[in-house]
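Please look over the sequence and the structure shown here before reading the notes that follow.

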Amino acid sequence: MFTKKNPFLKSKLFILIFISFCTIFLDTKFNILNSTKSYIVNFINTVYEYIYYPKNFFIFSFSKNFLEKLIQEKKILEEKILLKNHEIMILKKYKQENIQLKKLLNSFSKNNRVMLTKVIFVNINKNSSQINIDKGYQNQVYLGQSIINEMGIVGQTIFVNKNSSTVLLVCDKNHAIPIKVLRNNLHTIGLGQGSNCPMILENLDYDFDIQKDDVLVTSGLGGIFPDGYPVAKVIEIVKNEKNLQKTVFAEYFIKIKSLDYLLLIWNTKKFED
């Protein structure tokens, strides 16, 4: 290692080692190199920053662009999900309408001519229970024509225009309908009391055979409503022992506030007569 060409190399090495140990000893005891170390560390950090700045800048730029791209893709996906949810909602609506129409078309007697119609306006309040439908005399709709849905009797036309008609609902205060008890065929009249009230059967004889949960259907008397269509179900019977009469309250089968598709029924007997 040490050659003749370098006679003082060994001496120099020992001197350097000695100086190093002395420096380490003095720094350990008196911290004489603190400022020097600080300058060296700062210098190294500065050099490191300059060396890695291009790389860090590239990483930052890439991350920013990547994040912006992700946000944009998220927005596009949210829009697609919103559109798909809307399509699903529409499909559910069509499915529900198809179920309702199927029930509706299976609800009438095959002996009667019928036509599908849709509610276009609702006027239901404490004084009136009426709706407008999208069929008129252009479709051969006539005054007093009965209207049903899949649940039963809805009402009858009271005004007919060319392309629309006004229907008085069975619950209207001015409406009366001939009915009978399905169980025993006893006839009476059902009176409307408003959309939020049950049908009322007034001044029945004390021995009139009617019970709670009896089904009331149209009797066909008067020629307005066809025979045998559901109207209401008895929910309460109030007896008056003084005058030997009773009053009956019945809940309508139709849902007054959710009417949509309906059927117009032609009374064939009316036209034959």
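**Briefing: strands and salt bridges**

Aspartate 209 is partly exposed, with a relative accessible area of 34%. On this scale, buried means under 20% relative accessible area, exposed means over 50%, and partly exposed lies in between (1.4 Å probe, protein chains only). This is a predicted model, in which local features need pLDDT of at least 70, side-chain atom pairs count only at pLDDT 80 or more, and totals for chains, interfaces and linings use all residues. Residues are numbered from 1 along each chain as its sequence is written, and side-chain values use heavy atoms, with hydrogens and water left out.

- The side chain of aspartate 209 meets that of arginine 183 in a salt bridge (3.1 Å, N to O). A salt bridge is a side-chain nitrogen of Lys or Arg within 4 Å of a carboxyl oxygen of Asp or Glu.
- Aspartate 209 is in the loop between S8 and S9, while arginine 183 is in the loop between S6 and strand S7 (187–191), so the pair ties together parts that are 26 residues apart in sequence.
- Arginine 183 counts as partly exposed, at 41% relative accessibility.
- Arginine 183 also forms a salt bridge with aspartate 214, where the closest N and O atoms are 2.9 Å apart.
- This pair links distant parts of the chain, 31 residues apart: aspartate 214 is in the loop between S8 and S9, and arginine 183 in the loop between S6 and S7.
- Aspartate 214 is buried, with a relative accessible area of 6%.

- Lysine 180 is found in strand S6 (residues 176–181). Strands (E, at least two residues) and helices (H or I, at least four) are DSSP runs, numbered from the N terminus.
- Lysine 180 counts as buried, at 12% relative accessibility.
- The side chains of lysine 180 and aspartate 227 meet in a salt bridge (3.0 Å, N to O).
- This pair links distant parts of the chain, 47 residues apart: aspartate 227 is in the loop between strand S9 (215–218) and S10, and lysine 180 is in strand S6.
- Aspartate 227 is partly exposed, with a relative accessible area of 46%.
- The side chain of lysine 180 also makes a polar contact of 3.3 Å with the side chain of asparagine 185. A polar contact is a pair of N or O atoms within 3.5 Å; within protein, one must be able to donate a hydrogen and the other to accept it, and residues adjacent in sequence count only if both atoms are side-chain atoms.
- Leaving aside neighbours within four places in sequence, lysine 180 is in contact (heavy atoms within 4.5 Å) with residues including Leu186, His187, Val215 and Thr218.

**Strands and their pairing**

- Strands of a sheet pair through backbone hydrogen bonds, either parallel or antiparallel. Here, two strands pair if DSSP finds at least two bridges between them.
- Six strands close into a barrel in the order S1-S2-S5-S4-S3-S12, with antiparallel pairing.
- Neighbouring strands of this sheet are turned by 45° against each other on average, direction ignored. The axes are lines fitted to C-alpha atoms, for helices over the stretch in contact, and angles run from 0 to 180 degrees between N-to-C directions.
- Strand S2 (residues 129–133) pairs with strand S5 (residues 165–169) in the antiparallel sense over four bridges. The bridge partner of isoleucine 133 in S5 is serine 165.
- Strand S8 (residues 199–205) and strand S11 (residues 245–252) run antiparallel and are joined by five bridges. Methionine 199 stands opposite alanine 250 in S11.
- Strand S10 (residues 230–240) also runs antiparallel to S11, and eight bridges join them. Lysine 233 has glutamate 251 as its bridge partner in S11.
- S10 and S11 form a hairpin with four residues between them, and leucine 244 in the turn has a positive phi of about 55°.

**The chain as a whole**

- The secondary structure of the protein chain comes to three helices and 12 strands.
- Of the 273 residues in the protein chain, 30% are buried.
- The structure holds five salt bridges.
- The protein chain exposes about 18900 Å², and carbon and sulfur atoms supply 60% of it. Accessible areas come from the Shrake-Rupley method with a 1.4 Å probe; for residues, only the protein chains shown count as cover.
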